[in-house]
Amino acid sequence: MPRSSIRASRGALAPGGVVGDGRYRLLAQLGVDERAGAHLWRARDGQLRRDVALTVLVGDPADVTAARGAQRTLERAAHASQFGHRNVARVLDVLSIGDGIASTEGLLGIVVAEWTKGTDLVDMIGDGPVAPATACRMLEPLAEAVDRAHNQGLVLGIDHPQRVRRSPDGTVRLVFPGPLPNGTLRDDVKALGAYLYLLLTGYWPLEQGPAAIPAAPTGKDGALRHPQNLRPEVPKELSALAARTIEDSGGGGVRTSAAFLRVLSQIAQDEEHKAYLRRTGAETEQPGYTEADGTVWTTRRPVTDAGQRKKLAFGATVLVVAAVGIIAWIGLSLISFFSDEDAAIGPDFNVAETTQQDDEDSDEQGEGNAGSGQEGPEPSLAEVEPGHVQGYNPKGTGDHPDRAPNAIDGNPDTSWVTSQYKQQLPALKPGTGLSLTFEEPIELHKVDVLSESTGTEIEIRTAQHPNSYLDSTEILGSGQVTERETGIELDEPTTVTYVMIWITELGGPDGAFESEINELTFYTSE
């Protein structure tokens, strides 16, 4: 059949049709986002012989409003092509009329992205809602991607359930990029709450969802019913997170991707902990606490207190020394008891003179101490956890940013690792590292680095915001990884909100330079 006869005509697309000036053959339609006339297709790239995901913008080129909206979507997609995250399909190409699309194809534009194997959410939800802990872990990587994109000022446009798929690793991934022309950061955040709602209940809570997914039910007042009202087994905290993220009215809502990710990660850990306790039969009631907005949390994330461990070790050492001293004293007493009292040895001395001399020495020592100006004991330190971490590279994307949270997750078996370099820094770039944000300013004293990448040179820096230029940051302290746990003392305690862990020299052998950080621990004064 001649190629021209199977091309899309006036926006009518069908399997076997060819678009993109004959390059992409349509295989299967996976959805339609009617808000922007976006048809979502799996297609075959005839030149590179690989499957791709196409977001095909259908419309009349003579419609100025539609053409302008499509152009805005294409510009946003092109801008996002530099963004990289494992849960966002990479944009491969952006086609427009006269630039990859013939004027006779009846299309306004095409966004070409890498294809993602996996399962359509519509098919997955058809088997019923997922368990709360599973829903958290499925959605958490996508929330990380949204948070990273928002830090760079990018809107991903995830607010339609047919634009994402469950990837082979079991997480939710954006497959069909192409933000709406009027899409906002808030729309991405609401979409995260909507996906959580969908996974927990099987209902889609936003407007203009696909017909294949039932709309979320509402109460008599028109308000969205919370997931726990539909499924009592959904934890109260998770139900509240989904509803508060979606709702635009009222106080106490979740408005940012960072806030959503932080609460979601906490709940996921709590749910997995409770599931473990149920499996082992060791579940016990844990004390609750209430936030200012009335939200009740039933568990806290266990805190690894290195200071407490050191105190315990010191106490044990003191006990051992005391025990040895007591045993020695008892031994000497027994020897003295059984020895001949007349066999005393040693030079004769005048007790009165000795006592007088001791008193004089004591007075002199007291006078010396009084005027010495000795400082008091150093303040005790306590651990403090950052609220957010991301890869830091002021001249581009950080190394393995998706693994950055591993550096502060409290698990020494997970890690963040740099890329592998054939040349030592700063041959290719001045350094690489992590950017950490604390929820409120702290007085930072010390940073412990858990790492086996000996030889790694690390600088502790402070900045005005998470993505500051390197020359605007200030060095607070530095050190080299020489053993598994390396403490880096700051030159002086400093009040900070944003901290950079900046690596200026990597570990590893020649030609394969690489550094790994298992855990970072930050200390402030108690």
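The model is predicted, with local features requiring pLDDT of at least 70 and side-chain atom pairs pLDDT 80 or more, while totals for chains, interfaces and linings use all residues. Residues are numbered from 1 along each chain as its sequence is written, and side-chain values use heavy atoms, without hydrogens or water.

The largest cavity holds about 80 Å³ of space, a volume being the space filled by probe spheres set on grid points that are joined across faces, edges and corners. Its lining comprises 10 nonpolar, 2 polar and 1 charged residues (nonpolar: Ala, Val, Leu, Ile, Met, Phe, Trp, Tyr, Cys and Pro; charged: Asp, Glu, Lys and Arg; polar: the others, Gly among them). Across the whole structure, the search finds 2 cavities of 30 Å³ or more.

Turning to open space, the second largest pocket has a volume of about 540 Å³. Of its 22 lining residues, K190, P205, L206, E207 and D248 are the closest to the centre. A pocket is an open set of points with protein on both sides within 12 Å along at least five of seven lines. By class, 10 nonpolar, 5 polar and 7 charged residues make up this pocket's lining.

Helix 3 (residues 132-151) packs with helix 4 (residues 185-201) at an angle of about 170°, the axes being 9 Å apart. Axes are lines fitted to C-alpha atoms over the stretch in contact, and angles run from 0 to 180 degrees between N-to-C directions. The two helices are therefore roughly antiparallel, the term for angles over 145 degrees. Helices (H or I, at least four residues) and strands (E, at least two) are DSSP runs, numbered from the N terminus.

D51 sits in strand 4 (residues 50-58). Its side chain makes polar contacts of 2.6 Å with that of R42 and 3.1 Å with that of R44; such a contact is a pair of N or O atoms within 3.5 Å, one able to donate a hydrogen and the other to accept it, and residues adjacent in sequence count only if both atoms are side-chain atoms. D51 and W115 are 64 residues apart in sequence, yet 5.8 Å apart in space, C-alpha to C-alpha.

Two backbone details complete the account. R49, in the loop between strand 3 (38-45) and strand 4, has a positive phi of about 55° although it is not a glycine. A cis peptide bond, with omega of about 5°, joins L425 and P426.

Technical notes
1 Å grid on protein atoms, 1.4 Å probe; cavity = no way out; pocket = protein on both sides within 12 Å on 5 of 7 lines; lining within 4 Å. Parallel < 35°, antiparallel > 145°, perpendicular 65-115°, else oblique.
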